[in-house]
Amino acid sequence: MSLFAILKSSGTQSGRLTDRSFDQCLKCTACSSQCPVAAVRPDYPGPKQCGPDGERLRLKSPDFLDEALKYCTGCKRCEVACPSNVRISDIIAAARTTYGDQKFKVREFMLSHTDLMGTLTRGSAPLVNKMTGLKPVKLLLDKGLGVDQRRQFPPYAKTSFRKQFETVAGSQQQYARQISYFHGCSVNYNMPELGMDLVRVLNAMNIGVRLLKKEKCCGVPLVANGFPDKARKNGTLNIASFEQAMTEGSEGILSTSSSCALMLKDEYPHVLGLDNSKVQSNISFITRFLAHEFEAGNKPKMKPVNLKVAYHSPCHLIKAGGVLHTLNVLWEIPGLELQQLNSNCCGIAGTYGFKKENYETAQAIGSPLFKQIEESGADYVVTDCETCKMQVEMSTSKKVLHPLELLRMALVD
Ligand code: SF4
Ligand code: SF4
């Protein structure tokens with residue numbers, strides 16, 4: 001049973017909470033020392049107090065809900081630090097959704113329904129991109145909805161990834177090995193070229209790519225913005241699509257977004273209460289899959305890429321234990337000079353940094369990272385997460401690449 005469902009069914013005071021990971025808290029405060037929000041906001045009590053300590057009180061009465069819980073970014077650095085497997089970030093997210101303000105909010109709806117927004121902009125991407133960059137529009141969004149006017153919106157692509165994939169779909173059948181790709185909203189509507197890079201790289205390794213018959217937003221922004229039921233609905237559809245893909249001979253399901261991958265593989269069961277057990281082991285973040293393929297000897301032919309790059313590891317990839325896979329892949333690219341940044345959270349945390357009340361916090365969290373990047377002397381920054389890319393490109397002078405883009409640059413034509 002998911003934490004959301006348990007909390008809802010417990011009626012908050014009935015004591016029927018069966019998932020009691022908060023009871024495992026040793027009170028060591030390791031989590032608090034790693035929380036990027038607590039480091040920059042003196043009014044944020046930190047993960048120990050908001051998570052396990054607060055949960056005991058909230059079970060007595062929802063009146064103990066602390067408004068400051070809204071400042072948690074969901075980065076999960078506290079969970080990585082915890083020696084006792086307390087699911088601190090999930091406890092905070094569930095408490096916000098269960099006991100917090102349930103009123104419908106236009107801003108939260110707009111920021112979280114990425115599928116719908118992408119579909120609505122279809123055919124008018126250049127106009128929408130121009131509009132969202134105009135000062136009066138930014139001001140209107142700021143004053144009217146609470147979307148900070150200093151935040152830059154990611155541009156929408158003219159042609160979606162699904163549409164672009166049609167040009168190569170027919171040629172995928174020639175490969176004996178077939179793998180399914182969960183492209184997510186960001187690739188479909190904003191960065192279709194990243195999806196096409198995945199196809200080029202996998203084809204160079206003699207693997208064909210299939211799209212899922214149906215896919216919906218993984219649910220990350222929906223959970224973060226108070227729409228768990230919609231996230232659960234999307235997750236149910238996605239899991240059914242994954243199961244269908246596996247029965248139709250796919251080797252697995254790949255994601256190029258570190259946050260989508262964490263949600264699909266690890267968070268569906270314990271955050272949304274969805275049973276993905278039939279396909280869980282088949283879901284993989286792209287660099288995990290590539291690192292294993294390279295190790296097994298299936299590497300594409302590569303030419304040198306003579307660039308200096310600085311690698312930023314995203315919070316959700318750290319939580320999933322996948323950073324070494326990305327490094328193993330990047331180390332295989334000849335000529336690449338790789339510097340590992342001492343990566344703190346970049347601060348944006350998906351839609352968090354778009355909100356007026358969080359903007360300053362997001363930029364303060366990210367500022368040590370931005371300084372390191374500016375001082376790195378790197379040609380590019382590399383990261384696995386689309387929102388880290390947005391934040392770094394907005395806050396530094398560097399362009400950000402996905403590991404797949406570097407691999408595609410290394411391919412011998
Ligand atoms: S998820 Fe991140 S912001 Fe939230 S309490 Fe944990 S470390 Fe702090
Ligand atoms: S790190 Fe884990 S065990 Fe230690 S105080 Fe935080 S929640 Fe409790």
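The model is predicted, so local features need pLDDT of at least 70 and side-chain atom pairs count only at pLDDT 80 or more, while totals for chains, interfaces and linings use all residues. Residues are numbered from 1 along each chain as its sequence is written, chains are lettered from A and ligands numbered from 1 in the order in which they are written, and side-chain values use heavy atoms, with hydrogens and water left out.

Aromatic rings come up first. Rings of Phe, Tyr and Trp (its six-membered ring) were paired if their centres lie within 6.5 Å, with planes under 30 degrees apart called stacked, over 60 edge-to-face and the rest tilted. By this rule the count comes to six aromatic pairs. One of them joins Phe153 and Phe354, a tilted pair with 5.6 Å from centre to centre and 55 degrees between the planes. Phe153 lies in the loop between helix 10 (135–145) and helix 11 (161–169), and Phe354 in the loop between strand 6 (337–340) and helix 20 (359–376), so this pair ties together parts that are 201 residues apart in sequence. Here helices (H or I, at least four residues) and strands (E, at least two) are DSSP runs, numbered from the N terminus. Phe153 is partly exposed, at a relative accessible area of 28%, whereas Phe354 is buried, at 6%; buried means under 20% relative accessible area, exposed over 50%, and partly exposed in between (1.4 Å probe, protein chains only).

Another pair brings Phe182 and Phe242 together: the ring centres are 6.0 Å apart and the planes stand at 80 degrees, so this one is edge-to-face. Phe182 belongs to strand 1 (residues 177–182) and Phe242 to helix 15 (residues 228–247), which puts the partners 60 residues apart in the chain. Phe182 is buried, with a relative accessible area of 1%, and Phe242 is buried with a value of 1%. Elsewhere, Phe104, Phe109 and Phe227 form one aromatic cluster.

Charges over rings turn up too, counted if NZ of Lys or CZ of Arg is within 6 Å of the ring centre and within 35 degrees of the ring normal. Phe354 shows up again here, with the charged end of Arg151 over its ring at 5.6 Å from the centre. Arg41 lies over the face of Tyr71, 3.6 Å from the ring centre.

Axes are lines fitted to C-alpha atoms, for helices over the stretch in contact, with angles running from 0 to 180 degrees between N-to-C directions. Contact means heavy atoms within 4.5 Å. The axes of helix 4 (residues 47–60) and helix 6 (residues 88–99) come within 9 Å and cross at roughly 50 degrees. Helix 4 and helix 6 are therefore oblique to each other; angles under 35 degrees count as roughly parallel, over 145 as roughly antiparallel, 65 to 115 as roughly perpendicular and the rest as oblique. Residues that meet in this contact include Cys50, Gly51 and Leu59 from helix 4 and Ile88, Ile91 and Tyr99 from helix 6.

The axes of helix 11 and helix 13 come within 9 Å and cross at roughly 30 degrees. That makes helix 11 roughly parallel to helix 13. Among the residues making this contact are Phe161, Gln164 and Phe165 of helix 11, with Pro192, Gly195 and Met196 of helix 13.
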